[in-house]
Amino acid sequence: MISEYVSQMAKRGGMAKSTGFAVRFIMPEPLKEHLQTCGIEMNNKPLWQEFCDEASLPPSQAQTGQLNGRFQGEGSISYPHTKMYTDMSLSWMADANMEPYKFVQAWWQFIFGEFDAEGKSYEESGYYNQTNDKVYNRPTRLRFPKDYNTKIMVIKAEKGPNGEVDRTSMAHIIQDAYPYSVDSVPLSFGMEQLVKVTANFHYSKHFVKYADLRAT
């Protein structure tokens, strides 16, 4: 009966809502320092973290091979042999200061370190506090992954007595993530629309931490 089904779902914590999620970033210190140098807000609840508008739980996929002739009369069968980790995307609704866009752009630019004629990085020489342009023939040197790779937590949660994401059912831990592209942001005259910022991330691995909402 419907009443029994509703009662059973209530005991299991209700139905999952797509709007119940949170995203958290655990960054290395060099990246944090760079973002602060660029004027990015790094308080306890920065806009580039709390304004995340859209996220996807990463898929679980496996590469497979073919095995033939295992048993007489049996055709080919597939077997898994390698984990696959596809890229993921995060989107934000931007405020007037374009804080989320500045965040992913500064992160992406940090990966490709740029240096002046004296061999100093533009962060060290105070470029971001000046109005002059960078020199045209500046060299670019990739930074070490340990300086820009970040742990991203995509938390699936539901509304609870203390907040909109009070009850956590699981958390996907994305390891060694970095933005490899930032989508273009269209600007045009006409009907006003909110600006949306999307960045695409590569990562090395992910795993899942589980929690049980049935008892809450």
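**Exercise 1: A helix and its buried face**

In helix α2 (residues 29-37), the buried residues are Leu-31, His-34 and Leu-35. The model is a predicted one: local features need pLDDT of at least 70 and side-chain atom pairs count only at pLDDT 80 or more, while totals for chains, interfaces and linings use all residues. Residues are numbered from 1 along each chain as its sequence is written, and side-chain values use heavy atoms, with hydrogens and water left out.

Task: Determine how the buried residues of α2 are arranged about its axis, and state which elements they pack against.

Solution. 
- Step 1. Seen down the axis of α2, the buried residues fall within an arc of 100°, so they line one face of the helix. The arc is that of the directions from the helix axis to the C-beta atoms. Buried means under 20% relative accessible area, exposed over 50%, and partly exposed in between (1.4 Å probe, protein chains only).
- Step 2. These buried residues pack against α4 (99-111), α5 (145-148) and β8 (150-160); contact means heavy atoms within 4.5 Å. Helices (H or I, at least four residues) and strands (E, at least two) are DSSP runs, numbered from the N terminus.
- Step 3. Just after α2, Gly-39 takes a positive phi of about 85°.

**Exercise 2: Aromatic pairs**

Task: Classify the pair formed by Phe-25 and Trp-107, and then the pair formed by Phe-103 and Trp-107.

Solution. 
- Step 1. Rings of Phe, Tyr and Trp (its six-membered ring) pair if their centres lie within 6.5 Å; planes under 30 degrees apart count as stacked, over 60 as edge-to-face and the rest as tilted. By this rule there are ten aromatic pairs.
- Step 2. Phe-25 and Trp-107 are edge-to-face, at 6.1 Å centre to centre with 80° between the planes. Phe-25 lies in strand β1 (residues 21-26) and Trp-107 in helix α4, so this pair ties together parts that are 82 residues apart in sequence.
- Step 3. Phe-103 and Trp-107 are tilted, at 5.6 Å centre to centre with 50° between the planes. Because Phe-103 and Trp-107 are four residues apart in helix α4, about one helical turn separates them.
- Step 4. Phe-25, Trp-48, Trp-92, Phe-103, Trp-107 and Phe-201 form one aromatic cluster.

**Exercise 3: Buried or exposed?**

Task: Is Leu-142 buried or exposed?

Solution. 
- Step 1. Leu-142 lies in strand β7 (residues 140-142).
- Step 2. Its relative accessibility is 60%, so Leu-142 counts as exposed.
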